[in-house]
Amino acid sequence: MGASVVTTGHHLEDQAETVLLRILFGSGVAGLSGMAAVGTVPGAADLTLVRPLLGVRRAVLAEIVREAELKPVEDPSNLDLSLARNLVRHRLLPVLEQEEGDLAPRLARLARRARGARRRIDEVLAERLAVAAAEEGPSVELVELRSLPDPLWEFGLARLHRAAGLPLPPSARARAELRRQVAASGEVVCDCGGGWRWRESGGRLILERPGPTAPGFTYTLQAPGEVEIGELGLRFRLRRGAFEDWMLQGSARRAGLVLPLRPGQSVTVRSRRPGDRLRPFGAAGQRKLKDVLIDKRVPRAERNAIPLLCLGEEGRRIAWVPGITIDDRYRIDPSNLRPSTIWIAELLNTPPDS
């Protein structure tokens, strides 16, 4: 449409509601800064967003509209109490103001102070944490990140994520895992959401862009038997076998399992699905497969390429995650062996001429 500037009618009470919502949601300095008087339109960086009325009270604007004999358009969704902002506007803020007096100016003042603190933080980070751009993703010197005071870590990582064009900073859980790995002084590779991950290379912490993911797949075979997984260029085999010592050591491409199967019964070999859970070997209870893969530092782009051996209706019960773990329910107990229940699951390379 040719516009370069968009102006909104947000007023002082809108700002107060925003800050109160951010307090309720546990926001930090960035969230408590509220709405900026000048910014950019989300999803349209070339459009400037201006809010010239943030310091004006709602009642004053309503009076101006009446005097001008203008008829404002009322949005009916503003009365929907299932929306958090409307609950704050119609229920929480009136009760608080009844007890504490006029809160809107004080909440707006908190926003101004938070913006001032954020500006100072940005100035410090600009001096102490240089972000370099590269094809694989933006990066910072790990020694510079380590030198930041603890309270500035999350701001430093948020700065790195902004450089990648990401709308949100990394989660607290992802930050905690990165801190743990950095403190351990070993290999640093950590998922941080949305397919992105942090990786150390040459003394720099790189925010790597998501790579392509493998397509999902599902195959059924009768035990004993085998099936070709075309998406992976692998063949999956399930056969009977006798107990061997290697079954207690673990292997990336084969596993010995005690399975409640009779010859001719079907099993499923598939990629992961949302909500997958299992009881990892030696664990006290079930865990999400996603969390297990994160703990094992499997890159997000590789997680759909793991062929899972599954039992039960629609292949819901995971028995083996190659290279990661088996479900503890199907582990071999050397003190109580029943040869008729031992099965060997294997991943084999597909022959070149197949």
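Analyst: Contact here means that heavy atoms lie within 4.5 Å. The model under discussion is predicted.

User: Against which elements do the buried residues of helix 8 pack?

Analyst: The buried residues in helix 8 are Ala 174, Leu 178, Gln 181 and Val 182. Their arc around the axis is only 100 degrees, which places them on the same side of helix 8. From there, the buried residues of helix 8 pack against helix 6, helix 7, strand 5, strand 6 and strand 7.

User: Which exposed residues does helix 8 carry on the face turned away from its buried side?

Analyst: An α-helix has 3.6 residues a turn, so residues three or four places apart point the same way. To count as exposed, a residue needs over 50% relative accessible area. On the face of helix 8 turned away from the buried side, the exposed residues are Arg 173, Ala 183 and Ala 184.

User: How far apart are the end C-alpha atoms of helix 8?

Analyst: Helix 8 has 13 residues, and at 1.5 Å a residue these should span 18 Å. The distance between the end C-alpha atoms agrees with this expectation, because it is 18 Å.

User: With which residues is Leu 178 in contact, leaving aside its neighbours within four places in sequence?

Analyst: Beyond its sequence neighbours within four places, its contacts are Trp 153, Leu 157, Val 188, Cys 190, Trp 198 and Leu 205.

User: How far from Cys 190 is the nearest cysteine sulfur?

Analyst: The structure holds zero disulfides. Cys 190 is accordingly in none, and the nearest cysteine sulfur belongs to Cys 192, at a distance of 6.9 Å.

User: What radius of gyration does the protein chain have?

Analyst: The C-alpha trace of the protein chain spans about 90 × 50 × 45 Å along its principal axes. A compact globule of 354 residues would have a radius of gyration near 20 Å, but that of the protein chain is 28 Å.

How values were computed
Residues numbered from 1 in each chain as written. Predicted model: local features only at pLDDT ≥ 70, side-chain atom pairs only at ≥ 80, totals over all residues. Heavy atoms only, no water. Disulfide = S-S within 2.5 Å. Helix = DSSP H or I, 4+ residues; strand = E, 2+ residues; numbered from the N terminus. Expected span 1.5 Å × (residues − 1). Buried < 20%, exposed > 50% of the residue type's maximum accessible area, 1.4 Å probe, protein only. Arc of directions from axis to C-beta. Rg over C-alpha atoms; globule rule 2.2 N^0.38 Å.
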